[in-house]
Amino acid sequence: MRAAVFSALASFDRPASAYDVTDAVSAAQGRRVAANSVYRILDLFVARNVATRVESANAYIANAHPECMHDCIFLVCDTCGGATHIDDDVLSKRIRETAESKGFRAEKPVIEVRGRCARCAADA
Ligand SMILES: [Zn+2]
Ligand SMILES: [Zn+2]
């Protein structure tokens, strides 16, 4: 089941909701799988850094670099739904330090930028 969920997630070229992934796994297996178990597996993937949650899109994306533990930054396109992943450790460290200067213990900064990707901006 985990392998089926991962290959379904990896088949999307943009962040996929748990329902999108459930539909893809169901289609691949020729039977309806439970959304709850897909949710549990996606959360497990996030905990193990195999997938990343794109919070503002309420969706998941396969992790391009599971071996490193960045605070990933996503540029989320409101037109096509695509997400471009960038890393900027200087920026994320600055956010962590600013939070800590307020006595806030940062667990995970969520840095997402909504807007239009280069392709969609060029189409408009
Ligand atoms: Zn990253
Ligand atoms: Zn776009």
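Is strand 3 largely enclosed by the rest of the structure or left open, and how many of its residues are buried? Four of the five residues of strand 3 are buried, so this strand is largely enclosed by the rest of the structure. Buried here means under 20% relative accessible area, exposed means over 50%, and partly exposed lies in between, with a 1.4 Å probe and protein chains only. Helices (H or I, at least four residues) and strands (E, at least two) are DSSP runs, numbered from the N terminus.

The model is predicted: local features need pLDDT of at least 70, side-chain atom pairs count only at pLDDT 80 or more, and totals for chains, interfaces and linings use all residues. Residues are numbered from 1 along each chain as its sequence is written, chains are lettered from A and ligands numbered from 1 in the order in which they are written, and side-chain values use heavy atoms, with hydrogens and water left out.

Two strands are taken to pair if DSSP finds at least two bridges between them. Strand 3 (residues 73–77) runs parallel to strand 5 and is joined to it by five bridges. Phe74 has Glu112 of strand 5 as its bridge partner, and Ile73 stands opposite Ile111 in strand 5. With strand 4, strand 3 is antiparallel, and four bridges join the two. Within this pairing, Leu75 is bridged to Thr84 of strand 4. The two strands form a hairpin with five residues between them, and Gly81 in the turn has a positive phi of about 80 degrees.

Donors are N, O and S atoms within 2.8 Å of the metal (3.2 Å for Na, K and Ca); water is not among the atoms, so sites may look incomplete. The zinc ion (ligand 2) is coordinated at 2.3 to 2.4 Å by the SG atoms of Cys77, Cys80, Cys117 and Cys120. Angles among the four donor atoms of this ion are 102 to 117 degrees, and the site is tetrahedral. Four donors count as tetrahedral if all angles lie between 85 and 135 degrees; four count as square planar and six as octahedral if opposite donors are over 155 degrees apart and all others between 65 and 115; anything else is irregular. The ideal angle for four tetrahedral donors is 109.5 degrees. The sequence spacing of the donor residues of the zinc ion (ligand 2) is C-x2-C-x36-C-x2-C. Cys77 and Cys80 are both buried.

The zinc ion (ligand 1) has His65 (NE2), Cys72 (SG), His85 (NE2) and Asp87 (OD) as protein donors, at 2.1 to 2.5 Å. The four donor atoms subtend angles of 84 to 123 degrees at this ion, which makes the arrangement irregular. The donor residues of the zinc ion (ligand 1) follow the spacing H-x6-C-x12-H-x1-D in sequence. His85 is partly exposed because its relative accessibility is 27%, and Asp87 is partly exposed as well, with a relative accessible area of 32%.

Strand 1 (residues 51–54) and strand 2 (residues 59–62) form an antiparallel pair over four bridges. Thr52 has Ile61 of strand 2 as its bridge partner. The hairpin of these strands has four residues between them, and Asn58 takes a positive phi near 50 degrees there. Asn58 is partly exposed, with a relative accessible area of 44%. Asn49, another residue other than glycine, has a positive phi near 70 degrees. Asn49 lies in the loop between helix 3 and strand 1 and is buried, with a relative accessible area of 14%.

Helix 1 (residues 2–10) and helix 2 (residues 18–29) have axes that come within 9 Å and cross at roughly 115 degrees. Axes are lines fitted to C-alpha atoms, for helices over the stretch in contact, and angles run from 0 to 180 degrees between N-to-C directions. The contact (heavy atoms within 4.5 Å) is made by Ala4, Val5, Ala8 and Leu9 of helix 1 and by Val21, Ala24, Val25 and Gln29 of helix 2.
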